[in-house]
Amino acid sequence: MAEPKMTTLRPTDAPAWKALQAHYEKIKDVPLRQLFADDPQRGTRLTAEGPGLYLDYSKNRVTDETMRLLVQLARERGVEERRDAMFCGKKINITEKRAVLHIALRAPRGTRIEVDGKDVVADVHEVLDKMAAFSNRVRSGEWKGHTGKAIKNVINIGIGGSYLGPEMAYIALRDLSDPKMTFRFVANVDGAAFVDATHDLDASETLFILSSKTFTTLETMTNAATARKWIVDALKNDSAVAKHFVAVSTNAEGVSKFGIDTANMFGFWDWVGGRYSMDSAIGLSTMIAVGPKNYEDLLAGFHDMDEHFRTTPLEKNLPALMGLLTVWYNNFFGAQTVGIMPYADNMKRFPAYLQQLQMESNGKHVDLEGNHVEWQTGPIIWGEPGTDGQHSFYQLIHQGTKLIPCDFIGFCQPLSPLTVQHDYLMANVLAQAEALAFGKTAEELKAEGSPDFQTPFRVCEGNRPTNTVLADKLTPRTLGTLVALYEHNVFTQGAVWNIDSFDQWGVELGKVLAKRIIPELESEAAPQLKHDSSTNTLISRYRKSLGRKN
(Lines give C-alpha, C1' and ligand atoms only; values in the text may rest on other atoms or scores of the structure.)
Protein backbone atom coordinates (compact mmCIF):
# COMPACT_ATOMS: atom_id res chain seq x y z
CA MET A 1 0.00 0.00 0.00
CA ALA A 2 1.11 3.56 -0.67
CA GLU A 3 2.49 5.75 2.09
CA PRO A 4 -0.04 8.20 3.56
CA LYS A 5 -0.42 11.57 1.92
CA MET A 6 2.28 13.81 3.40
CA THR A 7 1.52 17.08 1.66
CA THR A 8 3.59 20.15 2.42
CA LEU A 9 0.49 22.20 1.61
CA ARG A 10 -0.70 23.99 4.71
CA PRO A 11 -4.29 23.16 5.65
CA THR A 12 -5.11 26.86 5.36
CA ASP A 13 -4.09 26.73 1.69
CA ALA A 14 -6.37 23.79 0.89
CA PRO A 15 -9.23 24.67 -1.49
CA ALA A 16 -11.82 23.34 0.95
CA TRP A 17 -10.36 25.41 3.80
CA LYS A 18 -10.65 28.57 1.72
CA ALA A 19 -14.18 27.61 0.72
CA LEU A 20 -15.04 27.02 4.37
CA GLN A 21 -13.72 30.45 5.30
CA ALA A 22 -15.97 32.10 2.73
CA HIS A 23 -18.87 29.90 3.80
CA TYR A 24 -18.29 30.79 7.46
CA GLU A 25 -18.66 34.49 6.66
CA LYS A 26 -22.08 33.76 5.17
CA ILE A 27 -23.51 31.64 8.00
CA LYS A 28 -21.64 32.71 11.14
CA ASP A 29 -24.55 34.80 12.39
CA VAL A 30 -27.39 32.50 11.31
CA PRO A 31 -29.16 31.31 14.46
CA LEU A 32 -30.01 27.67 15.05
CA ARG A 33 -33.63 28.76 15.44
CA GLN A 34 -33.66 29.81 11.81
CA LEU A 35 -31.81 26.71 10.60
CA PHE A 36 -34.42 24.48 12.26
CA ALA A 37 -37.34 26.61 11.09
CA ASP A 38 -36.08 26.50 7.50
CA ASP A 39 -35.50 22.74 7.62
CA PRO A 40 -38.09 20.81 9.66
CA GLN A 41 -36.31 17.50 8.96
CA ARG A 42 -32.94 18.72 10.17
CA GLY A 43 -33.17 16.87 13.50
CA THR A 44 -33.65 13.52 11.78
CA ARG A 45 -31.28 14.11 8.87
CA LEU A 46 -28.16 15.47 10.60
CA THR A 47 -27.59 12.27 12.53
CA ALA A 48 -25.36 9.23 12.19
CA GLU A 49 -25.22 5.82 13.80
CA GLY A 50 -22.32 3.58 14.63
CA PRO A 51 -21.88 0.45 16.73
CA GLY A 52 -24.23 0.97 19.65
CA LEU A 53 -24.10 4.77 19.40
CA TYR A 54 -26.46 7.40 17.95
CA LEU A 55 -25.03 10.83 17.13
CA ASP A 56 -27.29 13.86 16.76
CA TYR A 57 -25.21 16.73 15.39
CA SER A 58 -28.17 18.78 14.17
CA LYS A 59 -27.72 21.36 16.95
CA ASN A 60 -24.44 22.51 15.44
CA ARG A 61 -24.06 25.78 13.54
CA VAL A 62 -23.74 24.00 10.22
CA THR A 63 -25.67 23.44 7.02
CA ASP A 64 -25.48 20.64 4.49
CA GLU A 65 -22.94 22.78 2.64
CA THR A 66 -20.81 23.09 5.79
CA MET A 67 -20.69 19.34 6.19
CA ARG A 68 -19.95 18.80 2.50
CA LEU A 69 -17.01 21.19 2.69
CA LEU A 70 -15.70 19.67 5.93
CA VAL A 71 -15.73 16.21 4.39
CA GLN A 72 -14.02 17.63 1.30
CA LEU A 73 -11.38 19.14 3.58
CA ALA A 74 -10.79 15.75 5.21
CA ARG A 75 -10.28 14.16 1.81
CA GLU A 76 -7.96 16.92 0.64
CA ARG A 77 -5.93 16.52 3.83
CA GLY A 78 -5.55 12.76 3.29
CA VAL A 79 -7.46 11.66 6.39
CA GLU A 80 -8.53 8.41 4.75
CA GLU A 81 -5.06 7.56 3.45
CA ARG A 82 -3.49 8.32 6.81
CA ARG A 83 -6.15 6.24 8.56
CA ASP A 84 -5.48 3.29 6.27
CA ALA A 85 -1.75 3.64 6.87
CA MET A 86 -2.31 3.48 10.63
CA PHE A 87 -4.39 0.31 10.33
CA CYS A 88 -1.69 -1.31 8.16
CA GLY A 89 1.12 -0.66 10.64
CA LYS A 90 2.87 2.17 8.77
CA LYS A 91 5.12 4.31 10.96
CA ILE A 92 2.92 7.39 11.03
CA ASN A 93 4.45 8.57 14.34
CA ILE A 94 7.20 10.23 12.36
CA THR A 95 9.19 11.89 15.16
CA GLU A 96 9.72 8.57 16.95
CA LYS A 97 9.63 6.46 13.76
CA ARG A 98 6.98 4.16 15.19
CA ALA A 99 3.82 2.50 14.06
CA VAL A 100 0.60 3.59 15.78
CA LEU A 101 -1.29 0.41 16.50
CA HIS A 102 -3.57 0.70 19.49
CA ILE A 103 -6.12 -0.76 17.08
CA ALA A 104 -4.13 -4.03 17.22
CA LEU A 105 -4.76 -4.27 20.97
CA ARG A 106 -8.39 -5.15 20.28
CA ALA A 107 -8.06 -6.95 16.96
CA PRO A 108 -9.75 -10.38 17.08
CA ARG A 109 -7.61 -13.47 17.45
CA GLY A 110 -6.43 -14.60 14.03
CA THR A 111 -6.28 -11.11 12.53
CA ARG A 112 -2.88 -10.31 11.05
CA ILE A 113 -1.27 -6.87 11.38
CA GLU A 114 2.46 -6.63 10.76
CA VAL A 115 5.12 -4.27 12.04
CA ASP A 116 8.53 -4.76 10.43
CA GLY A 117 7.33 -8.12 9.09
CA LYS A 118 6.13 -9.43 12.47
CA ASP A 119 2.48 -10.23 13.24
CA VAL A 120 1.73 -8.18 16.35
CA VAL A 121 -1.81 -9.49 16.93
CA ALA A 122 -0.48 -12.90 17.94
CA ASP A 123 1.72 -11.17 20.53
CA VAL A 124 -1.25 -9.17 21.80
CA HIS A 125 -3.32 -12.28 22.41
CA GLU A 126 -0.43 -14.02 24.12
CA VAL A 127 -0.37 -11.17 26.65
CA LEU A 128 -4.17 -11.13 26.94
CA ASP A 129 -4.17 -14.86 27.70
CA LYS A 130 -1.51 -14.34 30.37
CA MET A 131 -3.54 -11.48 31.87
CA ALA A 132 -6.69 -13.61 31.93
CA ALA A 133 -4.94 -16.51 33.65
CA PHE A 134 -3.47 -14.21 36.28
CA SER A 135 -6.77 -12.36 36.79
CA ASN A 136 -8.59 -15.63 37.36
CA ARG A 137 -6.01 -16.70 39.93
CA VAL A 138 -6.41 -13.45 41.86
CA ARG A 139 -10.22 -13.38 41.60
CA SER A 140 -10.57 -17.01 42.70
CA GLY A 141 -8.21 -16.64 45.65
CA GLU A 142 -5.69 -19.08 44.17
CA TRP A 143 -3.02 -16.36 44.17
CA LYS A 144 -1.88 -15.98 47.76
CA GLY A 145 0.09 -13.25 49.43
CA HIS A 146 3.22 -13.80 51.50
CA THR A 147 1.30 -14.96 54.58
CA GLY A 148 -1.00 -17.27 52.64
CA LYS A 149 -3.98 -14.90 52.55
CA ALA A 150 -5.93 -14.28 49.35
CA ILE A 151 -5.76 -10.87 47.72
CA LYS A 152 -8.63 -8.53 48.55
CA ASN A 153 -7.09 -5.19 47.56
CA VAL A 154 -5.51 -4.14 44.27
CA ILE A 155 -3.67 -0.84 43.91
CA ASN A 156 -2.59 0.33 40.45
CA ILE A 157 0.45 2.62 40.55
CA GLY A 158 1.10 4.55 37.35
CA ILE A 159 0.74 8.01 35.87
CA GLY A 160 -0.78 9.51 32.74
CA GLY A 161 -2.15 6.78 30.53
CA SER A 162 -1.04 4.16 33.04
CA TYR A 163 -3.41 5.67 35.57
CA LEU A 164 -6.19 7.67 33.93
CA GLY A 165 -7.40 4.84 31.71
CA PRO A 166 -7.55 2.13 34.40
CA GLU A 167 -9.16 4.45 36.94
CA MET A 168 -11.71 5.76 34.44
CA ALA A 169 -12.61 2.25 33.30
CA TYR A 170 -12.89 0.91 36.85
CA ILE A 171 -15.26 3.68 37.92
CA ALA A 172 -17.28 3.35 34.70
CA LEU A 173 -17.67 -0.41 35.17
CA ARG A 174 -17.67 -0.56 38.97
CA ASP A 175 -21.13 -2.16 39.05
CA LEU A 176 -19.54 -5.23 37.45
CA SER A 177 -16.55 -5.31 39.78
CA ASP A 178 -16.06 -8.12 42.27
CA PRO A 179 -17.73 -6.68 45.40
CA LYS A 180 -15.37 -8.59 47.70
CA MET A 181 -12.39 -6.65 46.35
CA THR A 182 -11.17 -3.08 46.71
CA PHE A 183 -9.47 -1.26 43.83
CA ARG A 184 -7.53 1.96 44.18
CA PHE A 185 -5.27 4.05 41.95
CA VAL A 186 -2.20 6.09 42.82
CA ALA A 187 -0.52 8.52 40.45
CA ASN A 188 0.35 11.74 42.24
CA VAL A 189 3.84 11.81 43.74
CA ASP A 190 2.36 13.69 46.70
CA GLY A 191 2.74 11.19 49.53
CA ALA A 192 -0.79 12.00 50.71
CA ALA A 193 -2.15 10.08 47.69
CA PHE A 194 -0.35 6.89 48.72
CA VAL A 195 -1.33 7.24 52.37
CA ASP A 196 -4.96 7.79 51.43
CA ALA A 197 -4.96 4.70 49.20
CA THR A 198 -3.45 2.37 51.81
CA HIS A 199 -4.35 3.69 55.26
CA ASP A 200 -7.19 1.25 55.86
CA LEU A 201 -5.81 -1.80 54.04
CA ASP A 202 -4.13 -4.98 55.27
CA ALA A 203 -0.77 -5.34 53.56
CA SER A 204 -1.04 -9.13 53.64
CA GLU A 205 -4.13 -8.90 51.39
CA THR A 206 -2.88 -6.18 49.03
CA LEU A 207 -1.46 -6.51 45.52
CA PHE A 208 0.29 -3.64 43.74
CA ILE A 209 0.35 -3.37 39.95
CA LEU A 210 3.30 -1.19 38.90
CA SER A 211 2.59 0.25 35.47
CA SER A 212 5.59 1.82 33.76
CA LYS A 213 6.83 0.88 30.31
CA THR A 214 10.44 1.84 31.11
CA PHE A 215 10.24 1.17 34.87
CA THR A 216 12.05 4.47 35.32
CA THR A 217 9.19 7.03 35.39
CA LEU A 218 10.02 9.28 38.34
CA GLU A 219 6.55 9.61 39.86
CA THR A 220 5.65 5.94 39.41
CA MET A 221 8.92 4.60 40.73
CA THR A 222 8.83 6.96 43.72
CA ASN A 223 5.42 5.61 44.66
CA ALA A 224 6.60 2.07 43.88
CA ALA A 225 9.49 2.45 46.34
CA THR A 226 7.07 3.70 48.98
CA ALA A 227 4.76 0.73 48.31
CA ARG A 228 7.68 -1.69 48.56
CA LYS A 229 8.69 -0.27 51.92
CA TRP A 230 5.06 -0.41 53.11
CA ILE A 231 4.83 -4.12 52.26
CA VAL A 232 8.25 -5.06 53.66
CA ASP A 233 7.73 -3.09 56.88
CA ALA A 234 4.34 -4.73 57.43
CA LEU A 235 5.31 -8.29 56.48
CA LYS A 236 8.89 -8.17 57.82
CA ASN A 237 10.46 -9.90 54.81
CA ASP A 238 11.94 -8.70 51.53
CA SER A 239 10.74 -11.84 49.82
CA ALA A 240 7.15 -10.67 50.34
CA VAL A 241 7.63 -8.33 47.37
CA ALA A 242 7.34 -11.21 44.90
CA LYS A 243 3.85 -12.09 46.16
CA HIS A 244 2.50 -8.56 46.44
CA PHE A 245 3.78 -6.89 43.28
CA VAL A 246 3.39 -7.48 39.56
CA ALA A 247 4.59 -5.20 36.79
CA VAL A 248 3.32 -3.90 33.47
CA SER A 249 6.59 -3.00 31.80
CA THR A 250 9.15 -3.85 29.14
CA ASN A 251 12.17 -3.47 31.46
CA ALA A 252 12.77 -7.02 32.69
CA GLU A 253 16.05 -6.09 34.36
CA GLY A 254 14.48 -3.25 36.35
CA VAL A 255 11.49 -5.38 37.31
CA SER A 256 13.71 -8.20 38.54
CA LYS A 257 15.95 -5.83 40.47
CA PHE A 258 12.85 -4.47 42.25
CA GLY A 259 12.10 -8.00 43.47
CA ILE A 260 9.28 -8.95 41.09
CA ASP A 261 9.42 -12.32 39.35
CA THR A 262 9.59 -11.53 35.61
CA ALA A 263 7.06 -14.34 35.12
CA ASN A 264 4.65 -11.81 36.62
CA MET A 265 5.62 -9.04 34.22
CA PHE A 266 3.10 -8.14 31.53
CA GLY A 267 4.59 -6.50 28.47
CA PHE A 268 3.47 -4.10 25.78
CA TRP A 269 5.09 -2.41 22.80
CA ASP A 270 6.55 0.85 21.59
CA TRP A 271 3.73 1.17 19.04
CA VAL A 272 1.30 1.75 21.92
CA GLY A 273 1.26 5.32 23.21
CA GLY A 274 0.54 5.72 26.92
CA ARG A 275 -2.74 7.57 26.39
CA TYR A 276 -3.86 4.82 24.00
CA SER A 277 -2.89 1.95 26.30
CA MET A 278 -5.87 1.30 28.58
CA ASP A 279 -6.74 -1.83 26.55
CA SER A 280 -3.18 -3.19 26.70
CA ALA A 281 -1.65 -4.87 29.75
CA ILE A 282 -2.14 -1.46 31.40
CA GLY A 283 -5.74 -2.65 31.78
CA LEU A 284 -4.74 -5.52 34.10
CA SER A 285 -6.47 -3.92 37.09
CA THR A 286 -9.60 -3.49 34.96
CA MET A 287 -9.55 -7.17 34.01
CA ILE A 288 -9.09 -8.27 37.63
CA ALA A 289 -11.99 -6.03 38.67
CA VAL A 290 -14.57 -7.03 36.06
CA GLY A 291 -13.25 -10.42 34.94
CA PRO A 292 -11.80 -11.60 31.61
CA LYS A 293 -15.21 -12.02 29.91
CA ASN A 294 -16.26 -8.42 30.56
CA TYR A 295 -12.79 -7.26 29.53
CA GLU A 296 -13.22 -9.18 26.29
CA ASP A 297 -16.49 -7.31 25.72
CA LEU A 298 -14.66 -4.02 26.34
CA LEU A 299 -12.14 -4.91 23.63
CA ALA A 300 -14.95 -5.92 21.29
CA GLY A 301 -16.47 -2.46 21.68
CA PHE A 302 -13.16 -0.85 20.76
CA HIS A 303 -12.90 -3.07 17.70
CA ASP A 304 -16.48 -2.31 16.64
CA MET A 305 -15.67 1.39 16.48
CA ASP A 306 -12.31 0.72 14.81
CA GLU A 307 -14.13 -1.08 12.00
CA HIS A 308 -16.73 1.67 11.76
CA PHE A 309 -13.98 4.29 11.43
CA ARG A 310 -12.04 2.20 8.94
CA THR A 311 -14.92 1.28 6.63
CA THR A 312 -17.67 3.90 6.90
CA PRO A 313 -17.74 6.80 4.41
CA LEU A 314 -16.74 10.07 6.04
CA GLU A 315 -20.24 11.48 5.51
CA LYS A 316 -21.62 8.98 8.08
CA ASN A 317 -18.47 8.25 10.06
CA LEU A 318 -19.01 9.18 13.72
CA PRO A 319 -15.40 9.90 14.77
CA ALA A 320 -14.67 11.73 11.52
CA LEU A 321 -17.78 13.91 11.80
CA MET A 322 -17.04 14.83 15.40
CA GLY A 323 -13.41 15.56 14.60
CA LEU A 324 -14.36 17.76 11.66
CA LEU A 325 -16.87 19.69 13.77
CA THR A 326 -14.08 20.34 16.28
CA VAL A 327 -11.97 21.74 13.44
CA TRP A 328 -14.94 23.90 12.34
CA TYR A 329 -15.32 25.57 15.73
CA ASN A 330 -11.61 25.65 16.60
CA ASN A 331 -10.37 27.14 13.35
CA PHE A 332 -13.28 29.16 11.98
CA PHE A 333 -15.28 30.29 15.03
CA GLY A 334 -12.19 30.62 17.22
CA ALA A 335 -13.59 28.44 20.01
CA GLN A 336 -10.85 27.62 22.51
CA THR A 337 -12.42 24.71 24.37
CA VAL A 338 -14.70 21.68 24.07
CA GLY A 339 -16.89 20.62 26.98
CA ILE A 340 -17.48 16.90 27.60
CA MET A 341 -20.62 16.26 29.65
CA PRO A 342 -21.41 12.59 30.34
CA TYR A 343 -24.78 12.17 32.04
CA ALA A 344 -23.80 9.17 34.16
CA ASP A 345 -22.13 9.25 37.54
CA ASN A 346 -20.03 6.22 36.60
CA MET A 347 -18.50 8.29 33.78
CA LYS A 348 -17.24 10.99 36.12
CA ARG A 349 -13.57 10.42 35.14
CA PHE A 350 -14.25 10.28 31.41
CA PRO A 351 -13.61 14.01 30.83
CA ALA A 352 -10.28 13.76 32.67
CA TYR A 353 -9.34 10.76 30.55
CA LEU A 354 -10.19 12.68 27.38
CA GLN A 355 -8.11 15.63 28.54
CA GLN A 356 -4.95 13.57 28.21
CA LEU A 357 -6.12 11.75 25.08
CA GLN A 358 -6.88 14.94 23.18
CA MET A 359 -4.58 17.57 24.64
CA GLU A 360 -1.45 15.43 24.74
CA SER A 361 -2.18 14.23 21.21
CA ASN A 362 -3.01 17.49 19.47
CA GLY A 363 -1.37 20.13 21.62
CA LYS A 364 1.34 20.69 18.99
CA HIS A 365 2.92 23.84 17.54
CA VAL A 366 4.77 22.36 14.56
CA ASP A 367 3.54 20.35 11.60
CA LEU A 368 4.79 17.02 10.25
CA GLU A 369 7.64 18.80 8.46
CA GLY A 370 8.73 20.60 11.63
CA ASN A 371 7.40 23.98 10.54
CA HIS A 372 5.67 26.23 13.03
CA VAL A 373 1.93 26.11 12.47
CA GLU A 374 0.00 29.26 11.70
CA TRP A 375 -3.37 27.75 12.57
CA GLN A 376 -4.88 26.72 15.90
CA THR A 377 -4.43 23.07 16.83
CA GLY A 378 -5.86 21.17 19.80
CA PRO A 379 -8.59 22.83 21.88
CA ILE A 380 -8.75 22.68 25.66
CA ILE A 381 -10.84 19.71 26.84
CA TRP A 382 -12.78 19.89 30.08
CA GLY A 383 -16.02 18.78 31.67
CA GLU A 384 -17.91 17.19 34.53
CA PRO A 385 -20.75 14.70 34.70
CA GLY A 386 -24.33 15.91 34.46
CA THR A 387 -26.25 17.01 36.37
CA ASP A 388 -23.41 18.23 38.62
CA GLY A 389 -22.09 20.78 36.15
CA GLN A 390 -25.51 22.34 35.61
CA HIS A 391 -25.22 23.99 39.01
CA SER A 392 -21.69 25.29 38.49
CA PHE A 393 -20.35 26.18 35.04
CA TYR A 394 -23.43 25.84 32.79
CA GLN A 395 -24.27 29.47 33.62
CA LEU A 396 -21.25 30.56 31.60
CA ILE A 397 -22.08 28.25 28.71
CA HIS A 398 -25.64 29.59 28.49
CA GLN A 399 -25.08 33.30 29.08
CA GLY A 400 -21.35 33.93 28.98
CA THR A 401 -19.42 35.60 26.18
CA LYS A 402 -17.41 32.53 25.16
CA LEU A 403 -18.47 29.98 22.57
CA ILE A 404 -18.12 26.51 24.09
CA PRO A 405 -19.16 23.57 21.90
CA CYS A 406 -20.22 20.65 24.07
CA ASP A 407 -20.64 16.90 23.73
CA PHE A 408 -23.52 15.46 25.75
CA ILE A 409 -23.36 11.71 26.38
CA GLY A 410 -26.43 9.87 27.64
CA PHE A 411 -27.49 6.29 28.31
CA CYS A 412 -31.13 5.32 27.75
CA GLN A 413 -31.18 2.44 30.24
CA PRO A 414 -30.28 3.05 33.90
CA LEU A 415 -27.65 1.19 35.88
CA SER A 416 -29.69 1.56 39.07
CA PRO A 417 -33.27 0.44 39.81
CA LEU A 418 -34.24 4.10 40.36
CA THR A 419 -35.90 4.56 36.97
CA VAL A 420 -37.75 7.73 37.93
CA GLN A 421 -34.45 9.42 38.73
CA HIS A 422 -33.03 8.17 35.44
CA ASP A 423 -35.92 9.76 33.55
CA TYR A 424 -35.09 13.01 35.34
CA LEU A 425 -31.40 12.64 34.45
CA MET A 426 -32.14 12.03 30.77
CA ALA A 427 -34.66 14.87 30.67
CA ASN A 428 -31.78 17.14 31.64
CA VAL A 429 -29.57 15.85 28.80
CA LEU A 430 -32.24 16.70 26.26
CA ALA A 431 -33.31 19.95 27.92
CA GLN A 432 -29.79 21.35 28.19
CA ALA A 433 -29.05 20.70 24.52
CA GLU A 434 -32.38 22.28 23.57
CA ALA A 435 -31.83 25.31 25.79
CA LEU A 436 -28.30 25.87 24.51
CA ALA A 437 -29.47 25.68 20.91
CA PHE A 438 -32.58 27.84 21.08
CA GLY A 439 -32.35 29.89 24.26
CA LYS A 440 -35.15 32.23 25.27
CA THR A 441 -35.82 35.67 23.81
CA ALA A 442 -36.91 38.86 25.53
CA GLU A 443 -40.26 38.61 23.77
CA GLU A 444 -40.84 35.09 25.05
CA LEU A 445 -39.93 36.13 28.57
CA LYS A 446 -42.28 39.12 28.48
CA ALA A 447 -45.08 36.88 27.21
CA GLU A 448 -44.48 34.69 30.26
CA GLY A 449 -44.80 37.70 32.53
CA SER A 450 -41.16 38.45 33.22
CA PRO A 451 -40.74 41.85 34.95
CA ASP A 452 -39.16 44.36 32.58
CA PHE A 453 -36.21 45.02 34.86
CA GLN A 454 -35.35 41.30 34.97
CA THR A 455 -35.82 40.48 31.31
CA PRO A 456 -32.34 41.45 30.01
CA PHE A 457 -30.75 39.32 32.72
CA ARG A 458 -32.90 36.29 31.94
CA VAL A 459 -32.43 36.27 28.17
CA CYS A 460 -30.51 33.23 26.89
CA GLU A 461 -29.28 33.92 23.38
CA GLY A 462 -29.00 30.27 22.38
CA ASN A 463 -26.99 29.36 19.29
CA ARG A 464 -24.63 27.35 21.49
CA PRO A 465 -23.63 24.19 19.57
CA THR A 466 -23.81 20.66 20.94
CA ASN A 467 -23.44 17.05 19.89
CA THR A 468 -25.63 14.49 21.63
CA VAL A 469 -24.36 10.91 21.77
CA LEU A 470 -26.84 8.29 22.96
CA ALA A 471 -26.19 4.66 23.86
CA ASP A 472 -28.61 2.07 25.21
CA LYS A 473 -26.67 1.27 28.39
CA LEU A 474 -23.23 1.76 29.91
CA THR A 475 -21.69 -1.69 29.43
CA PRO A 476 -18.08 -2.77 28.84
CA ARG A 477 -18.76 -2.92 25.10
CA THR A 478 -20.30 0.55 25.09
CA LEU A 479 -17.36 1.98 27.04
CA GLY A 480 -14.99 0.53 24.44
CA THR A 481 -16.91 2.13 21.58
CA LEU A 482 -16.95 5.50 23.33
CA VAL A 483 -13.21 5.53 24.01
CA ALA A 484 -12.42 4.49 20.42
CA LEU A 485 -14.87 7.13 19.16
CA TYR A 486 -12.74 9.83 20.75
CA GLU A 487 -9.43 8.21 19.79
CA HIS A 488 -10.38 8.39 16.11
CA ASN A 489 -11.96 11.82 16.59
CA VAL A 490 -8.53 13.00 17.77
CA PHE A 491 -6.87 11.26 14.82
CA THR A 492 -9.12 13.08 12.36
CA GLN A 493 -8.29 16.48 13.83
CA GLY A 494 -4.55 15.81 13.77
CA ALA A 495 -4.63 14.60 10.17
CA VAL A 496 -6.43 17.77 9.05
CA TRP A 497 -3.97 19.95 10.96
CA ASN A 498 -0.95 18.06 9.56
CA ILE A 499 0.52 17.34 13.01
CA ASP A 500 1.87 14.23 14.72
CA SER A 501 -0.84 13.22 17.21
CA PHE A 502 1.27 10.39 18.63
CA ASP A 503 4.35 11.94 20.20
CA GLN A 504 4.44 14.01 23.40
CA TRP A 505 7.76 15.79 23.63
CA GLY A 506 6.16 18.63 25.58
CA VAL A 507 5.87 16.52 28.74
CA GLU A 508 9.61 15.82 28.90
CA LEU A 509 11.16 19.21 29.65
CA GLY A 510 9.53 19.69 33.04
CA LYS A 511 10.56 16.18 34.09
CA VAL A 512 14.19 16.85 33.15
CA LEU A 513 14.25 20.10 35.14
CA ALA A 514 12.56 18.44 38.14
CA LYS A 515 15.35 15.87 38.32
CA ARG A 516 17.83 18.74 38.48
CA ILE A 517 15.88 20.57 41.20
CA ILE A 518 15.23 17.57 43.48
CA PRO A 519 18.78 17.42 44.91
CA GLU A 520 18.73 21.19 45.35
CA LEU A 521 15.66 20.81 47.57
CA GLU A 522 16.96 17.77 49.46
CA SER A 523 20.55 18.86 50.11
CA GLU A 524 21.44 19.61 53.73
CA ALA A 525 24.21 21.92 52.54
CA ALA A 526 23.34 25.18 50.79
CA PRO A 527 23.15 24.43 47.05
CA GLN A 528 24.66 26.57 44.33
CA LEU A 529 21.56 27.66 42.45
CA LYS A 530 21.90 28.53 38.77
CA HIS A 531 18.29 28.99 37.68
CA ASP A 532 16.49 32.20 36.88
CA SER A 533 15.91 34.61 39.78
CA SER A 534 12.32 33.48 40.28
CA THR A 535 13.14 29.76 40.48
CA ASN A 536 16.16 30.42 42.73
CA THR A 537 14.01 32.47 45.12
CA LEU A 538 11.29 29.82 45.25
CA ILE A 539 13.83 27.08 46.00
CA SER A 540 15.29 29.19 48.80
CA ARG A 541 11.84 29.89 50.19
CA TYR A 542 11.04 26.17 50.24
CA ARG A 543 14.34 25.30 51.93
CA LYS A 544 13.86 28.02 54.53
CA SER A 545 10.41 26.67 55.40
CA LEU A 546 11.97 23.26 56.12
CA GLY A 547 14.87 24.76 58.10
CA ARG A 548 17.51 23.94 55.51
CA LYS A 549 20.52 26.13 54.77
CA ASN A 550 20.51 28.66 51.93
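The dialogue below goes through these features in turn.

Guide: This is a predicted model, in which local features need pLDDT of at least 70 and side-chain atom pairs count only at pLDDT 80 or more, while totals for chains, interfaces and linings use all residues. Residues are numbered from 1 along each chain as its sequence is written, and side-chain values use heavy atoms, with hydrogens and water left out.

Visitor: At what angle do the axes of H13 and H20 cross?

Guide: Two packed helices are described by the angle between their axes and the distance between the axes. Helices here are DSSP runs of H or I with at least four residues, strands are runs of E with at least two, and both are numbered from the N terminus. Axes are lines fitted to C-alpha atoms, for helices over the stretch in contact, with angles from 0 to 180 degrees between N-to-C directions. For H13 (residues 292-311) and H20 (residues 476-497), the axes cross at roughly 35° and come within 7 Å.

Visitor: Which residues of H13 meet H20?

Guide: Contact means heavy atoms within 4.5 Å. Among those on the H13 side are Asn294, Leu298, Phe302 and Phe309, and the H20 side includes Arg477, Val483, His488 and Phe491.

Visitor: Which residues of H13 are buried?

Guide: Buried means under 20% relative accessible area, exposed over 50%, and partly exposed in between, with a 1.4 Å probe and protein chains only. The buried residues of H13 include Leu298, Phe302, Met305 and Phe309.

Visitor: How many aromatic pairs does the structure hold?

Guide: A pair of aromatic rings is described by the distance of the centres and the angle of the planes. Rings of Phe, Tyr and Trp (its six-membered ring) pair if their centres lie within 6.5 Å; planes under 30 degrees apart count as stacked, over 60 as edge-to-face and the rest as tilted. The structure holds 26 such pairs. In one of them, the rings of Phe194 and Phe208 have centres 6.1 Å apart and planes at 15°, so this pair is stacked. Phe194 is in helix H8 and Phe208 in strand S7, 14 residues apart. Both are buried.

Visitor: How is the pair of Trp328 and Phe332 arranged?

Guide: That pair is tilted, with 5.4 Å centre to centre and 40° between the planes. Trp328 and Phe332 both lie in helix H14, 4 residues apart, about one turn of the helix. An α-helix has 3.6 residues a turn, so residues three or four places apart point the same way. Trp328 and Phe332 are both buried.
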